[in-house]
Structure formats: C-alpha cells, structure tokens
Amino acid sequence: MTQESLDQQTDQTPDQQQQIRPADPCVMVIFGASGDLTKRMLLPSLYHLAKKKLLPKEFALLGCAIDNLSQDDFRNKVKSDLREFGGAPENCKFCDWLVERLYYISGDFQQPESYQRIKALLADVDKQHGTNGSYFYYLATSPTLIGSIVEQLGAAGLAEEGDGRWRRVVIEKPFGHDVDSARALNVEIGKVLDERQIYRIDHYLGKETVQNILVFRFSNGIFEPIWNRRYIDHVQITVAETLGVEQRGGYYDHAGALRDMVPNHILQLVTLTAMEPPISFRADAVRDEQAKILHAIQPPSPEDVLTRAVRGQYGDGTIDGAGVQAYRREPNVAPDSTTETFVALKLAIDNWRWADVPFYIRTGKRLANRVTEVAIQFRRAPFVLFRDTPVERLTPNLLVLHIQPNEGISLRFGAKVPGIQVDVGAVNMDFRYQDYFGNEPSTGYERLLYDCMTGDATLFQRADMVEAGWRVVQPLLDVWKALPPRNFPNYKSGTWGPKEADELMARDKRQWRGI
C-alpha cells in the first residue's frame, strides 16, 4: 500500500496535518513481541499513529520473542490483536499497511546468536523499507532481562550510532527494586548506551491531562501566582484501581504497591505539580526542574515512617455488586503474604515554594473507584466578614486535575445562594476533554512512541531522576521489611483502604477528598 492511499484515509484536518510532522524513518524492535503489553498497548498505539499519518512511510516493525512463530503466524496474530484491542475494523487499510512492514524472529534473548540473526534481518529491512539503520528497541520483557539485552545489543554492534543513524532503547518500569539496584542498573546499561539513548518510559506521562499540568500551570496567568505555600493548604494525589492483581500475582507479590506505583507514576505527578517553570520545553530543561523537586522531597526518618506512611492489603469484599476474593487467595500469591496492595504517604518538599505544604498520596488496588487525580486545596478565606450571617463555615477552593478515567479539570468555589439572606454554596466549574476536543482512541503510549522516534526525551526519566525517586521510598522499604505487618488483610475490597489512612489525615485535621 502506498503512502498516497493512506493520505485519503486520514481523519485529520489540513491544519492539524501541518502542525506535526511524521516521525523519523526507523525500525521498531520489540523484545517480548508476543506478550500482553505488545498486543494491548504497543500495537494499538502504532495503529493509531498510522491513522494520524504520524508514522513515517519508511517504517518497519520487528517482533522478537521466545515463542516459535512463523512470520505469517505473527502477522495473523497482529491482525487479530489490532481488531480486538485497537478497535480496527475487519477490512482495515491501515492494518494492512502495518502488517506489510512486520517481521518476526524467535529466539532466546540471552544467546548471542539470536542478536546476530536480528542484525542480519535488520540489514535486509533497511534495504527494503529505507529505514536508514535507525532502530529503537522496546524492552517489553521481564525486568530481570534488561541488563542482559542491553549488553547483548552492545556486543552485536546494534547500539552503535553514526553516519546519520540513531539507536535508542525504551525500558519499561520497574527500573530496579531499590536505590542500590537502580544505581547498579544505570551503571550496567551506561557501559553500552549514552544517557541520551535511554528512554525510561512511564505510560502515565502519555495521558493528556498529565501533559496538560504544565500547560495549565504555565500558560494561564491566573493560577501560577497563587501556586505556592501562601495560598495552597495541601495537595492530594490519588491513584486508585478497582481491579486486583489479576494474573500479575507472581510479579506483584515481590513488588507491592509501593515499588509498583510510587517511585515512578506518582512521583512523576508530584514533580509536574510542584516543579518551577522551566526555561523552555526542551527535554533537559523540564527534567532539570523535575529532578530538583525529587531531591527536595525529604525522605522520612525510620520514626517518621511509622506516623507518615500507611500500608494495607485487601481482603474479601464487593466490587460493582460482585463478590471478590482477598489478595492472599489470588493466583501466584503466597497464602500468608505480607505484600502491601495499598499505600498512603505524607510527603514534604523542602523548598521555598512548598515549605509547610504537605503532599498526601494514596494508591491501591480493589478500592471503591477507578480514578487518578491531583487535587489542589487552597487555604480557607478569612471568616470575619460572615460572622453576622447564616453562613457557618466557608468551603475552601479546590482545583482538581482529573487524569483518568474522565480526563478534565474542575474548580470549586463559593457563590451566593439565591435568596434574601446571605448564604454561600459551593459550586463547580467542570472541563472535560471529551466535550471540547472529542474522544480520540488512545492507549497513552502514542505520544511516547512518537517522541522516541523523533528523539524528544521530555516525558522520559533520566538516570538521576530514577535514583532520586528510589531514595524517597527507600526508608519505607527498609522499615517495612524489618517490621512485617501483623493485621493483614486490613481493608475490605470496594472501600477506600484501611482506617489508618484516614487517621493519617485526621492527625493534621484534614481528610481525604470524597470521590
């Protein structure tokens, strides 16, 4: 299929087409191409990019996995996956265009001969599709294989750049399991790759509202002047799921909610919310400011862990009217597991803007609602003016950045209730992306894959950011390892977590936002 035939199929307007160029010619190599991440996220993302004409015509995809599939088997599997997970129709010209560019190699990722076969096939693909020797390798594999794959890529000469070709490696979380392992992994892959070649991906940063935090803060003159300790009382960040661990029990029982969510997803939200204005949107300008916030977060002392952190594990309960089983009865989970499925923390950022403004975060599985949001609660206005009125208390202003499932922004403020006497009611102004900009199919990976192809690392973590994130949570890992919980499970599925999380807020005379 020609690129010209695809031009007639795009749903973009001419203005939109002029605003963004197709990505650079390249081959995407997926290690773990037969896995869940590939079929649910990566392939649908490529399909969406193809529909928007953001993939170059000089593009190809090489799948690598241990499964013994022929190239035709792989292509047929991709067609099926695109229909099931990407929403592609039965007769889909964009799917046909992608499938024509698909290749597959079966092999062991730890054997050098596999990489020699990959190298030979990539050379053929370059000639056939004009991809210029530029490759990016997506490691959709077990974290234990990251170092080995990068080492083998280096040994096979597949990481070398020059003569106009680039090579990049995309690494999924978790990046290490504590400070020492993250630092060791950085050193290991740094022997093969320059930092500019490493793209540590966090799919949360592909979500529109996450990216919009910077635009919202720095393009609107009415908010940035009050985005500081003088006007903000506290910040709440909630990342809640109704799902349990599903089939991830083997991984999750070793990781837990703290490792799985806090050093990456949640601290990324913290940095974007709290960072100073960067001098530009260049990758390192933005990441420099994020790194400053990570270094300004004060790791809790062992004593503070006992009062500023809460862990929980879900028991039996009800979700959407159906009974669900406790974590300890999930597949591949130890029947006496002490792994946490819920975490609540109080963080302090020790800098001029955020001194004495607590950041409360909570994340967990089998909670009452699926929601991710950042809630900024402002200081309450002085009450003195309303002493001789029926008003009993003033409701503080609240700004909420809704990240999922319904992306948008809402603002709560006070207004007079109609009537003869003075009374104040809290009202909300709501903005929803879907209402203003439509609802485009998206996995959250489209922007990230496109940025990797164009060399924009703004939404990817640097080595220093990864290590700084682990330093924040390391004291909790140490204390919780030394003091195993005695009361697990301690919250019912379908609730908002253990009562200790409410007590964490109550000690500061605050409470979690009702969602």
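**Entry 1: the whole chain**

I noted before anything else that the model is predicted. I counted the secondary structure and got 16 helices and 17 strands. I then looked up the radius of gyration, which is 25 Å, while the globule rule gives 24 Å for 515 residues. The two values are close, so I wrote the chain down as being as compact as a globular protein of that length. Along its principal axes, the C-alpha trace spans about 80 × 55 × 45 Å.

**Entry 2: contacts, surface and charge**

I looked up burial next and found that 54% of the 515 residues count as buried. For contacts, I took residues at least 6 apart in sequence; 77% of these contacts join residues at least 24 apart. The accessible surface comes to about 23,500 Å², and carbon and sulfur atoms account for 49% of that. I also listed the charged side chains: 61 are positive and 68 are negative. The centres of these two sets lie 4 Å apart.

**Entry 3: strand β8**

I turned to strand β8, which covers residues 309–312. Which way do its residues point? Ala309 and Arg311 point one way, Val310 and Gly312 point the other way, and all are buried. The partner I looked up for β8 is strand β11, residues 342–347. The two strands run antiparallel and are joined by 4 bridges. In this pairing, Ala309 stands opposite Leu345 of β11.

**Entry 4: helix α7**

I went on to helix α7, residues 146–155. Is this helix largely enclosed or largely open? I found 7 of its 10 residues buried, so the rest of the structure largely encloses α7. The buried ones are Ile146, Gly147, Ser148, Ile149, Val150, Gln152 and Leu153. I checked what covers them, and the cover includes β1 (26–31), α6 (112–129), β4 (135–139), β5 (167–171) and α8 (179–190). After α7 comes Gly157, and I noted that its phi is positive, near 75°.

**Entry 5: Gln152**

Why does Gln152 count as buried? Its relative accessible area is 14%, and buried means under 20%. I then listed its contacts, leaving aside neighbours within four places in sequence. Gln152 is in contact with Phe109, Gln110, Gln111, Pro112 and Tyr115.

Notes. Residues are numbered from 1 along each chain as its sequence is written. This is a predicted model: local features need pLDDT of at least 70, side-chain atom pairs count only at pLDDT 80 or more; totals for chains, interfaces and linings use all residues. Side-chain values use heavy atoms; hydrogens and water are left out. The radius of gyration is taken over C-alpha atoms; the globule rule is 2.2 Å times the number of residues to the power 0.38. Buried means under 20% relative accessible area, exposed over 50%, partly exposed in between (1.4 Å probe, protein chains only). Contact means heavy atoms within 4.5 Å. Accessible areas come from the Shrake-Rupley method with a 1.4 Å probe; for residues, only the protein chains shown count as cover. Lys and Arg count as positive and Asp and Glu as negative; His and the chain ends are not counted. The place of a charge is taken as NZ of Lys, CZ of Arg, CG of Asp or CD of Glu. Two strands pair if DSSP finds at least two bridges between them.
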